[in-house]
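This report covers aromatic ring pairs and charges placed over rings. The structure comes first.

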Amino acid sequence: MRTDAVVPVLASAGITVALMQTLVIPLVPELPRLLNASAAGTAWAITATLLAAAVATPIVGRLGDMYGKRRMLLLSLGMLVTGSIVAALSDSLTPMIVGRALQGLAAGVIPLGISIMRDELPPEKLGTATAQMSASLGVGGALGLPAAALLAENFNWHTLFWISAALGMVVFGLVLRFVPESAVRSGGRFDVLGGVGLSAGLISLLLAISQGADWGWTSGRTLGLFTLAVVALLAWGWWERRTPEPLVDLRTTARPQVLLTNLASMVFGFAMFAMSLVLPQLLQMPKATGFGLGQSMLGAGLVMGPSGLVMLLTAPLSAKISRTRGPKVTLMLGAVVVAAGYGVGVVLMSAVWQLVLVSVLIGAGIGLAYGAMPALIMAAVPVSETAAANSLNTLMRSIGTSVSSAVAGVILAQLTINLGGYTLPSQNGFRVVLIIGAAAALAALAVASFIPTRKSTAESPARSEAETTRAAVS
């Protein structure tokens with residue numbers, strides 16, 4: 001089967017799934033009225049997606065290695081379509097939460113797509129293709145905001161989810177038609193206890209992080225969840241080291257190249273999300289504040305949109321630098337560009353064009369770094385563990401963004417101004433978040449500097465194994 005269509009089809013699948021992360025943002029202020037529920041209740045339309053994605057990503061990755069990556073990719077897209085239809089039919093809170101949770105279960109599409117590319121593509125195409133697939137996580141998020149805002153302002157809100165379902169069905173059909181099933185499988189038995197333990201730990205951790213500001217960071221509920229997360233993850237780690245067929249091979253994960261790449265990814269995810277939190281608020285803040293730009297949700301989305309295009313355009317450059325200098329250098333360069341973007345933002349935030357410049361700079365850095373991460377991971381893991389390893393890396397980025405959201409929320413809630421009886425974040429609060437984003441990018445740079453240098457991802461032993469297996473079945 002020709003592989004010409006594999007890359008655009010898989011990249012489209014990644015962008016479609018990433019769109020779901022920003023799909024409901026224009027609706028958030030209106031959800032309590034639309035669903036006849038409290039603001040605290042409708043917040044679960046966001047939280048449910050986050051928790052479902054955290055649980056699904058590592059589990060689906062492991063199942064893909066065992067039973068077929070294309071099969072699990074189609075299952076994930078099926079969950080996306082089903083969740084979109086449930087949400088489109090909902091007029092109350094419970095079905096909306098169910099629909100959004102089902103959409104979250106599709107989060108494994110991007111790491112699965114990267115893993116399929118490793119199995120199917122020739123070495124000369126692999127770097128650029130995986131860079132584009134990895135960057136699709138940011139591309140979909142950046143492009144989704146203006147698209148969702150446009151639809152929300154001009155159509156019934158259910159239309160957002162009907163279009164999501166239609167996109168999911170189109171991509172499902174394209175994958176079915178153009179993406180082959182890989183013969184590279186690990187086999188074995190699924191680690192059910194490991195899946196339960198990891199899910200319990202992640203749900204507890206992310207629930208405490210996402211709800212801590214509302215519940216109180218020192219409340220019994222928040223502290224109890226943090227404690228449960230620590231206990232569950234330690235018990236999970238103990239089990240994974242002793243079971244013969246673990247959900248996550250911690251010995252492989254502990255290799256310096258994998259461990260440090262995952263740590264850098266988590267810190268980088270923290271840095272990346274500061275842009276998504278600060279720039280839209282600055283753009284939509286009333287001009288009466290003295291620093292707000294008074295844009296609509298659609299206007300704010302259009303300002304953020306170019307950053308997604310830049311991420312996509314930067315992916316080939318990321319692959320080229322990785323081929324010539326190594327993915328470690330690419331990751332470090334991306335961190336420097338992101339830090340520079342935040343630095344510019346601290347100084348330039350008084351005009352729309354300035355924030356376009358900031359978002360484009362940060363988008364370029366994200367495109368460079370996200371393209372390098374799967375290259376570093378795949379160079380250090382066996383081909384039979386590709387999907388699980390990439391899924392864990394994607395999970396680390398998500399944990400970083402969740403922590404970033406909580407930290408930024410606390411800062412913006414503390415540094416405020418009063419305008420017409422309303423409490424709003426202050427300009428200094430936004431500056432502090434941008435400075436922290438720059439510091440996090442520099443921290444990712446420092447972590448990445450310790451990643452062991454390897455000659456070439458495309459020539460790694462694991463890649464050769466994939467080629468041997470593919471040749472044997474063709």
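The sections below take up the model, the ring pairs and the ring-charge contacts.

## Model and conventions

This is a predicted model, in which local features need pLDDT of at least 70, side-chain atom pairs count only at pLDDT 80 or more, and totals for chains, interfaces and linings use all residues. Residues are numbered from 1 along each chain as its sequence is written, and side-chain values use heavy atoms, with hydrogens and water left out.

## Aromatic pairs

Rings of Phe, Tyr and Trp (its six-membered ring) pair if their centres lie within 6.5 Å; planes under 30 degrees apart count as stacked, over 60 as edge-to-face and the rest as tilted. The count by this rule is 3 aromatic pairs. One of them joins Trp-157 and Phe-161 edge-to-face, with 6.2 Å centre to centre and 90 degrees between the planes. Trp-157 is buried at 9% relative accessibility, and Phe-161 is buried at 0% (buried means under 20% relative accessible area, exposed over 50%, partly exposed in between; 1.4 Å probe, protein chains only).

The pair of Phe-268 and Tyr-370 is tilted, because the ring centres are 6.2 Å apart and the planes stand at 50 degrees. This pair links distant parts of the chain, 102 residues apart: Phe-268 lies in helix H13 (residues 256-284) and Tyr-370 in helix H16 (residues 352-378). Helices (H or I, at least four residues) and strands (E, at least two) are DSSP runs, numbered from the N terminus. Phe-268 is buried at 0% relative accessibility, and Tyr-370 is buried with a relative accessible area of 0%.

## Charges over rings

A charge sits over a ring if NZ of Lys or CZ of Arg is within 6 Å of the ring centre and within 35 degrees of the ring normal. The charged end of Arg-177 is placed over the ring of Phe-178, 4.9 Å from its centre. Over the ring of Trp-215 sits the charged end of Arg-221, 4.3 Å from the ring centre.
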